[in-house]
Amino acid sequence: MYQMLDPARFTVLVTGATAGFGAAICRRFAGAGARVIATGRRAERLDQLKAELGERCHTIVLDVRDTAAVRGAFTTLPAPFDEVDVCVANAGLALGLEPAHKADFDEWRQMIETNCLGLAATIHAVLPGMVARGRGHVVTLGSIAGDHAYPGGNVYGATKAFVKLLAQNLRADLAGTGVRATNIEPGLAETEFSVVRFHGDAERAAGLYRNADPITADDIAEAVFWTTTLPAHLDIVRMEMMPTSQGFGPTVVKRAE
């Protein structure tokens with residue numbers, strides 16, 4: 001008989017849990033009976049999430065760019081949250097859409113520190129315990145931008161290529177340990193993501209999604225839930241997701257006048 005794993009037995013760590021994908025993932029697992037560790041930078045959002053989810057939710061105010069704080073938080077978790085079964089390294093962002101020669105280097109730095117260094121620190125802190133217990137699942141949130149370049153994507157796309165290759169290399173190292181790794185790679189998805197990217201310009205952000213029926217945070221939460229509750233002998237290594245309205249276009253050739 002095909003036996004899915006029981007999420008009510010999981011302890012699930014989610015970074016970037018104060019909005020968007022992260023908050024939806026916390027709600028999906030908590031609704032199925034899992035214990036949830038929710039982390040993020042905005043304390044008031046975490047307080048609201050804990051009030052909603054109850055005692056099975058443990059919150060930590062944390063900026064993943066502070067790698068020492070990440071290690072301190074994730075290696076000293078209180079019981080019964082101290083054995084992480086699923087780590088969803090979700091915290092990340094895009095900033096700006098300018099061409100590389102006009103981009104703000106501080107924004108490049110913030111994307112690299114959050115999307116690459118913060119994600120790596122999160123995984124590095126929880127992985128030894130998973131391997132020692134012979135079970136666990138690391139889920140990274142990548143993007144189709146890690147495979148498909150577009151104007152203005154520059155460093156954001158590069159960080160998501162890093163995420164993709166790190167997830168694949170985890171598979172190379174973790175084979176036989178009982179620990180799984182999955183990279184979820186969304187396309188056009190409507191959350192606070194573009195509002196952050198456009199520095200609070202909600203009207204510009206909304207224009208990206210108008211009449212496109214984009215991916216939702218709940219769609220991503222369901223994808224994460226499905227991959228992690230599959231029988232333990234299966235590992236979905238990559239999942240590229242797009243709304244039905246999205247596709248691919250031809251490469252651009254700029255011709256001289």
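**Entry 1: α4 against α5**

I started with a helix pair, and I found that α4 passes α5 in a right-handed crossing. I keep in mind that this is a predicted model. Helix α4 covers residues 105–133, and its packing angle with α5 is about 15 degrees. I read 9 Å between the two axes. Angles under 35 degrees count as roughly parallel, so α4 and α5 are roughly parallel to each other.

Next I listed the contact residues. From α4 I noted W108, M111, I112, N115, C116, L119, I123, L127 and V131. They meet N154, V155, Y156, T159, K160, F162, V163, L166, L170 and L174 in α5. I sorted the contact of α4 with α5 by class and got 15 nonpolar, 3 polar and 1 charged residues.

**Entry 2: α3 against α4**

I then turned to the other partner I had for α4. Helix α3 spans residues 67–74 and packs with α4 at an angle of about 25 degrees. Their axes lie 9 Å apart. The angle falls under 35 degrees, and α3 and α4 are therefore roughly parallel to each other. I looked up the handedness: α3 passes α4 in a right-handed crossing.

On the α3 side I found T67, V70, R71 and F74. On the α4 side I found L117, A121, T122, H124, A125 and V126.

**Entry 3: α1 against α2**

Helix α1 takes up residues 20–31, and helix α2 takes up residues 43–53. I read a packing angle of about 20 degrees and axes 11 Å apart. That makes α1 roughly parallel to α2. The crossing of α1 past α2 is right-handed.

I wrote down C26, R27 and A30 of α1, together with L49, E52 and L53 of α2, as the residues that make the contact. By class, I have 4 nonpolar, no polar and 2 charged residues for α1 with α2.

**Entry 4: the sheet**

I traced the strands next. I found an open sheet of 7 strands with parallel pairing. I wrote its order as β3-β2-β1-β4-β5-β6-β7. Which strands stand at the edges? They are β3 (57–61) and β7 (238–241). Each has a single partner strand, so one side of each is left without a neighbour in the sheet. I noted an average twist of 15 degrees from one strand to the next.

I looked at one strand pair in detail. Strand β5 (residues 136–141) runs parallel to strand β6 (residues 179–186), and 6 bridges join them. Within this pair, H137 stands opposite R180 in β6.

Then I checked which helices lie on these strands. Helix α5 (residues 154–174) packs on the sheet and touches β5, β6 and β7. Its direction makes about 160 degrees with that of β6. Helix α8 (residues 217–229) also packs on the sheet. I found α8 touching β4 (86–89), β5, β6 and β7. The direction of α8, too, makes about 160 degrees with that of β6.

**Entry 5: salt bridges**

I searched the whole structure and got 9 salt bridges. Where do the two residues sit? K164 is in helix α5, and D147 is in the loop between β5 and α5. I noted that they are 17 residues apart and that the pair links distant parts of the chain.

I went through the backbone last. Most residues other than glycine have a negative phi, and most peptide bonds are trans. I looked for exceptions.

The peptide bond from A79 to P80 is cis, and I read omega near 5 degrees. I located P80 in the loop between α3 and β4.

I also noted H199, whose phi is near 55 degrees. That is a positive value in a residue other than glycine. I placed H199 in the loop between α6 (193–197) and α7 (202–209).

Key
Residues numbered from 1 in each chain as written. Predicted model: local features only at pLDDT ≥ 70, side-chain atom pairs only at ≥ 80, totals over all residues. Heavy atoms only, no water. Pairing = 2+ DSSP bridges. Helix = DSSP H or I, 4+ residues; strand = E, 2+ residues; numbered from the N terminus. Axes fitted to C-alpha atoms, helices over the stretch in contact; angles between N-to-C directions. Contact = heavy atoms within 4.5 Å. Parallel < 35°, antiparallel > 145°, perpendicular 65-115°, else oblique. Left-handed = near helix turned anticlockwise from the far one by under 90°. Nonpolar A, V, L, I, M, F, W, Y, C, P; charged D, E, K, R; others polar. Salt bridge = Lys/Arg side-chain N within 4 Å of Asp/Glu carboxyl O.
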